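Good morning, and thank you for coming. Please look at the structure on the screen while I describe parts of two of its chains.

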Amino acid sequence: MTQRIAPAGRLGVALAVTATVALGLSACGGTTKNSTDKAASSAPAAAVGSSADPNASTKTGLTVAFLPKQVNNPYFTISDNGGKTALTTLGESYKEVGTSSGTDTAGQVSYVNTLTQQKVSAIAVSAQDPAALCTALKQAMSNGIKVVTYDSDTDPGCRQLFISQASSEALGRSEVDLLGKQLNYTGDIAILSAAQTATNQNTWIGYMKDELKKPQFAKMKLVKVAYGNDDAQTSFQQTQGLLQQYPNLKGIISPTTVGIKAAAQYLSGSKYKGAVQLTGLGTPNDMRAYVKNGTVQGFELWDPAKLGSLAAYAATALASGQITGAQGQTFKAGSLGTFTVGAQGVVVLGEPTVFTKSNIDQFNF
Amino acid sequence: MTHPAPDQVPVLALEGVSKSFGAVRALRGVSLQLFAGEAHALAGENGAGKSTLIKALAGVHRPDEGTVLLDGEPVVFHGPADARDAGVAVIYQEPTLFPDLSVAENIFMGRQPRRSLGRVDHRSVRAAAAELFRRLGVDLDPDQPARGLSIADQQLVEIAKALSFDARVLIMDEPTAALTGSEVARLFGVVRSLREEGAAVLFISHRLEEVFALCQRVTTLRDGAWIASEPVEGLGEDDLIRRMVGRDLDELYPKLPAEVGAVALSVRRLTREGVFTDVSFEVRSGEIVGLAGLVGAGRSEVARAVFGVDRWDGGEVQVGGKPLKPGAPSLAMAAGLALVPEDRRAQGLVMGMSIERNINLTGLRATSRAGVMNRGGERSRAVDWAVRLQVKYARLADLVGTLSGGNQQKVVLAKWLATSPSVLIVDEPTRGIDVGTKAEVHRLLSQLAGEGVAVLMISSDLPEILGMADRVLVMHEGRIAAEIPRAEATEQSVMAAATGVTGRAA
Amino acid sequence: MTTTAEPVRVAVPPSGGLLDRVLKMRELAILAVLVLMLAATQIDNSAFLSQQGIKDLLLNATILVLVAVGEAMVVITRNVDLSVGSVLGITAFAAGDFLQGGGNPLLAVVLAVALGAAFGALNGLLVSIGQVPALVVTLGTLYIIRGVDSIWVGSREITASVLPSGFVDFGHNGLSALPYLAVLAAVVLVAVAYFLRNYRSGREFYALGSSPEAAGLAGVPVRKRILAAYIACGALAGLAGALYLARFGNVDSGTGSGYELTVVSAVVVGGVAFTGGSGSVYGVALGALLLTSINSVLPSIGVSSVWVQAIDGILLLLAIAVDRVLALRVTGVLRKRAAETRSARHG
Amino acid sequence: MADTDIGTGTDSATPFTARPRSFRIGDAVRWDTVVGALLLVLLVCSFSFVDNFGNALNLSFLIGNTLPIALIALPMTLLVVSGEIDLSVGSTAGLSGAVMGALWNAGYPIETIIPICLLLGVVCGLVNGLLVTRLGLPSLAVTIGTLAAYRGIAQIVLGANSVTDFPQQYLDFGSGRIAGTFIPYAAIPWAVLLLVAAVVLHATPVGRSLFAVGASEEAARFSGVRVKRLKLSMFVATGFISSLTGVFWVLHYASARYDNATGLELSVVAAVLLGGIDFDGGKGTLGGAVAGVFLLGALQNVMSLVNVSAQSQIVVTGVLLVISVLGPRVARQLSVAHARRRTLTASAPVPVATPAGHT
């Protein structure tokens with residue numbers, strides 16, 4: 001009586017067969033990237049239903065939920081608190097939820113779903129990924145929830161308004177100009193970015209590269225783009241690597257508050273302090289010690305609190321039907337003044353402020 | 001060689017000690033006295049309660065009833081460490097050492113001599129270990145790691161450990177099973193010198209000639225009960241056997257003659273480097289071939305290789321005339337081979353599974369239709385074979401671990417006989433089971449041979465080999481040393497071949 | 001008192017400390033790979049081994065060495081502690097919070113170590129009392145401590161500006177190429193190695209990992225030793241937390257997350273096997289140095305940091321494969337030698 | 001007829017008695033029914049007290065978010081029952097997602113890409129399986145190594161970009177629901193796989209052999225079970241399902257990134273252990289594992305709905321994990337001590353302080 005166990009032989013064979021059959025099937029043509037590459041839905045989703053009525057009264061008792069890229073991140077805490085103060089002045093209720101890691105798209109999607117469940121009036125979200133939230137955000141909008149993105153945008157079709165801190169172009173180009181002045185336009189420079197997949201970082205870097213093509217930057221060469229993944233230790237070691245790989249590096253641009261802080265900490269503790277210029281986007285409180293000890297001459301940022309409150313005003317205006325997100329519409333944002341909706345539903349906060357030794361003490365965020 | 005005066009206080013003693021594990025009553029009201037300077041033998045069949053008694057003395061088990069007396073005073077050992085601190089040293093047959101640490105550290109672990117600031121004095125640890133080995137007359141390097149030591153050397157390390165804390169009681173559980181002639185002589189030398197220094201020795205061995213050569217007093221146990229304690233002098237070997245076994249031999253080894261058929265299993269020049277070399281033998285259907293030899297002679301390794309658990313480097317195995325591919329137990333089973341392994345608890349049974357599932361582990365495909373197992377078929381197969389082998393169990397779904405040793409062995413046999421093999425290899429079939437079940441197993445083996453099954457029986461129990469085997473093969477250090485037909489097979493002739501001292505007196 | 005049995009004298013080849021020789025070989029192998037890598041990088045980029053370069057290499061390794069040495073003590077007893085990353089994070093913030101409130105730096109370090117030891121005791125109690133697989137319990141405490149850390153810290157953050165400058169300078173200054181932190185880590189490393197080599201309880205860690213049953217038989221207090229190993233591991237993770245604060249000057253609620261896998265890799269690459277009872281903390285320190293140097297070598301030879309994680313993983317697989325082959329060969333040699341001596345003895 | 005097998009010197013050298021395990025089988029079943037009951041209680045309470053938990057939309061979100069863990073929990077249960085573990089499942093999923101994105105950018109048709117990704121999963125499983133079975137390396141150390149290696153390769157393959165423009169009908173399958181019900185489309189293949197896994201584990205020779213190998217590998221080998229081949233195929237199945245989960249992840253979140261499914265392995269291990277699968281192998285049921293997965297999933301969904309912060313959710317998961325493992329063992333120790341005390345009442349009632357042999 002033979003007793004042969006072919007335990008998982010059959011399982012293994014089954015798997016291989018399904019794979020090869022599917023492979024064969026696909027030989028006869030299939031949906032490829034170019035066969036389906038109709039324009040990604042670029043038009044901003046118009047607010048459902050009612051046309052804009054600019055002078056409709058602002059409703060009260062709305063709930064606006066802030067969903068930052070990462071909870072516990074000081075930059076977002078300041079901006080969301082800005083939104084909170086704006087909402088309380090308008091008599092709305094404020095709520096903040098979010099993931100503890102900056103690259104947990106699955107977590108951010110589940111939060112959007114939860115907010116849709118809780119039927120909040122509007123969501124202000126800083127997206128970790130341009131497309132990952134789309135299905136969830138569209139679901140929210142189809143349930144009548146207004147969606148505003150701030151700080152980091154999604155595909156235009158997945159939201160009604162994008163509150164841009166400053167035009168990406170202005171940011172990208174101004175950081176290069178700032179560094180150029182500090183190096184009087186000569187020497188190799190490098191960029192220390194955040195996560196490789198961070199959309200706003202990549203757009204700014206694009207404009208930086210374009211700016212460097214201009215004649216006055218002829219003698220300034222971008223030698224490397226390094227990624228610190230918005231983690232202090234990795235950014236630290238990346239800065240080290242940059243300086244070791246390019247001993248005669250003259251300047252570093254770090255368009256992320258985490259990156260610039262780590263680079264400054266490294267430079268101030270090494271022999272490169274003062275020899276290598278550092279600029280980029282940073283908060284005054286973080287950078288005050290390094291501006292004072294001469295590691296950093298100047299850097300720029302917008303006021304995150306203002307960004308948060310503008311997002312709050314925009315969301316309330318949408319929820320009260322004053323605007324629908326179409327180009328040209330205007331809405332009042334309390335003390336910030338009135339703002340008009342630009343192309344593709346983008347509302348720009350304004351020019352970034354440059355912080356130097358002289359004015360850094362006037363700011364506290 | 002002084003005999004202990006009757007009023008002398010025993011160093012270590014047990015008084016009316018009983019111990020049971022669940023339903024199994026291992027010891028029933030046993031008393032035993034160990035006197036300084038005296039070697040005391042503990043005789044008894046497998047499963048008579050010897051090991052439980054040792055563990056009671058060594059503080060591993062707490063007796064359910066009765067007391068342990070140290071120098072006449074009742075004492076409670078909370079663990080092996082208490083017993084060791086009281087001067088009791090135990091040498092198990094397969095010692096438990098620290099494989100990753102050096103031999104010297106094994107000896108002094110937990111008691112290393114220290115120098116200033118409480119630091120371990122490695123130099124004196126090494127020196128003391130070397131001195132102990134010199135005293136034992138052996139050349140072991142103190143820095144040698146314990147991993148890879150032969151069983152004989154491992155035992156030497158345990159004995160050195162006993163010497164190192166000047167043990168007042170030395171308990172040795174079948175120490176000579178793996179030793180060659182000269183190693184046994186050396187061991188006895190050490191025991192004698194320890195006795196002269198006043199240590200009490202408790203010696204357990206199956207080899208009665210060793211009991212008579214070394215010990216002054218012997219206590220016999222049977223089925224967990226105390227039978228007798230008497231001086232060795234004036235005691236005949238047969239009286240001792242009768243006390244141990246309680247019935248005469250042939251009732252224990254009911255071997256019926258069976259007509260021998262064609263060759264069922266043939267092994268040609270089987271070799272596995274460093275383990276066994278050039279092993280050739282045949283087993284015919286209806287024949288019981290005994291495979292004798294010392295522990296570590298390579299018998300189990302040959303069985304594992306033939307059955308396919310281990311690969312072999314050279315040679316050929318044929319079952320029923322067809323060659324067998326190496327290294328695949330499932331192919332061997334398909335060819336009609338079955339192996340009841342040496343270690344029942346680790347190899348023979350899955351302790352965490354029920355009786356029913358253990359029996360069916362060899363017939364998973366047989367009891368399933370279209371790949372899916374059917375409960376009914378599985379249950380009936382298990383019940384059928386459990387009843388046929390008279391396994392005493394409450395419910396088939398009970399864990400096999402709850403059964404007694406004898407019943408567990410029957411479950412292993414049931415598991416393999418259910419595959420109706422043409423060749424059955426049994427490795428130490430009756431180790432650690434009670435006398436009653438032992439006789440049943442022997443009757444079963446003899447009955448199987450009668451039905452034409454070829455049986456290869458590996459055993460270290462000489463009476464079992466002599467009682468059951470039609471032909472006796474003896475292995476010594478990985479080679480077949482002798483082939484002795486049943487008529488000429490005696491304890492002397494087999495032991496001579498087993499210890500490689502062919503011709504010369506052991 | 002001589003034994004009556006005549007001693008059998010057979011010249012057995014002096015095997016010397018075979019055990020130690022194997023261990024030394026293992027450590028030398030890591031050292032060789034490390035030196036080779038650093039030399040190749042230096043050839044490619046001369047600024048690599050500059051004074052600043054060496055200082056940075058040592059600074060990067062100090063934190064990992066401390067945590068890996070603590071972890072090694074636990075792995076030697078055949079257990080594991082996955083919660084070290086969370087412990088590092090919470091103790092770093094605790095020290096920072098204390099300093100922010102004007103506490104003196106030395107007390108802050110002591111506080112971090114004590115807090116770490118407390119979490120270590122929690123792990124030790126859970127593992128030794130419940131006799132529960134250490135991986136699962138410490139996976140649980142990893143989550144618990146990380147959760148408590150984020151609830152307590154919230155979005156607060158310790159920045160360099162709030163720390164006393166002396167503390168932050170201590171974080172990156174040193175005597176020429178030798179940073180203070182590295183000296184401190186070296187002192188701790190030598191102390192632990194000395195304890196494991198020369199103290200009874202240290203040897204009992206190895207005994208416990210090599211064979212728990214034999215340890216019980218030899219009277220080793222199993223539960224006490226496991227508890228001690230976890231307390232030491234927690235304390236060292238706490239110390240590493242304080243040094244992290246000094247070195248990076250920036251701690252938030254995410255500090256240390258995911259660090260445990262790097263620590264376990266350093267321990268395994270360093271030659272301490274999961275089966276327990278073997279390996280040395282010096283090997284682990286070299287393993288940690290090797291892993292962190294890769295993070296510095298790659299950027300400086302222009303390889304993008306994308307490759308770092310893949311190389312770490314492959315290095316770990318190589319280390320355990322080499323260990324396994326080495327172990328098999330050593331056991332073979334030992335068995336062959338035992339067989340020779342035996343047959344030689346009574347041929 | 002006394003027999004002293006248990007703990008005899010001749011059998012196993014260790015004098016420690018084998019832990020009396022008479023109620024282990026009962027104990028394991030008991031634990032996973034406890035988890036099943038907990039899940040039912042949680043669902044009933046949430047339906048009634050937690051507003052907008054019960055509607056179709058939220059339930060589909062719950063199932064959608066828990067599906068990746070539920071998918072990988074199936075092969076992981078079989079693997080843990082056989083006494084092994086695979087921590088590289090999250091990275092395998094990430095790698096298959098990254099390869100899917102890279103090939104899509106290179107213009108390959110999606111019908112070719114998906115089988116290639118599944119084949120890639122099989123290869124990842126093979127690497128783990130061969131290292132564990134042929135070289136005899138511990139599966140924990142191997143899969144920590146491949147966790148880093150596969151994630152690193154994913155980073156190399158896809159690097160900076162995230163691919164989002166997959167064909168709409170696939171995206172709909174990934175995230176859509178069967179009209180009118182709360183069942184996501186993707187739940188159907190999962191249900192099929194659950195059925196297959198349940199039958200394999202509990203009703204086929206393969207499953208019975210897995211339990212035997214987990215409980216005592218040597219005894220299984222001596223009974224003719226091909227242990228190496230069995231474990232290898234379990235690793236391959238885990239790799240295959242992980243890559244399938246990677247494909248589902250990309251379609252569900254409409255974005256292929258190298259860091260997809262980071263940390264998924266820890267959630268799967270937590271859920272499987274919570275479901276009563278014994279970490280040392282040989283015990284546990286698939287029903288328990290699935291109950292564990294959905295208990296964790298439902299708990300996280302409910303906690304977010306009642307605005308419990310993400311951080312405290314982490315604490316709850318950690319506490320549950322420790323209880324799921326400590327609970328049965330401590331309970332057993334109490335009953336063993338109790339049983340021993342009962343048998344000892346005859347003689348001096350002295351508590352036995354046997355040194356704790358560390359299993």
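Two residues are in contact if their C-beta atoms, placed from the backbone, lie within 7 Å. Before I use that term, a word on the source: this is a predicted model, in which local features need pLDDT of at least 70 and side-chain atom pairs count only at pLDDT 80 or more, while totals for chains, interfaces and linings use all residues. Residues are numbered from 1 along each chain as its sequence is written, and chains are lettered from A and ligands numbered from 1 in the order in which they are written.

I begin with the domains of chain B. The domain assignment, which is automatic or taken from a database, gives domain 1 (12-97 + 149-246), domain 2 (251-336 + 421-498) and domain 3 (351-416). How many residues of domain 2 of chain B are in contact with domain 3 of chain B? The number is 10, and they meet eight residues of domain 3 of chain B. On the domain 2 side, the largest share, four residues, comes from helix H16 (residues 435-450) of chain B. Helices here are DSSP runs of H or I with at least four residues, strands are runs of E with at least two, and both are numbered from the N terminus. The centres of domain 2 and domain 3 of chain B, taken over C-alpha atoms, are 25 Å apart.

Next, a hairpin in chain B. Strand S21 (residues 471-476) and strand S22 (residues 479-485) of chain B run antiparallel and are joined by six bridges; two strands pair if DSSP finds at least two bridges between them. B:His476 stands opposite B:Arg479 in S22(B). Two residues lie between the strands of this hairpin, and B:Glu477 in the turn has a positive phi of about 50°.

B:Ala497 belongs to helix H18 (residues 491-498) of chain B. Is B:Ala497 buried or exposed? A residue is buried if 20 or more other C-beta atoms lie within 10 Å of its own, exposed if 12 or fewer, and partly exposed in between, with C-beta atoms placed from the backbone. B:Ala497 counts as buried because it has 22 C-beta neighbours inside 10 Å.

Finally, chain C. Its secondary structure comes to 13 helices and two strands. Of the 347 residues of chain C, 59% count as buried. The C-alpha trace of chain C spans about 80 × 55 × 35 Å along its principal axes.
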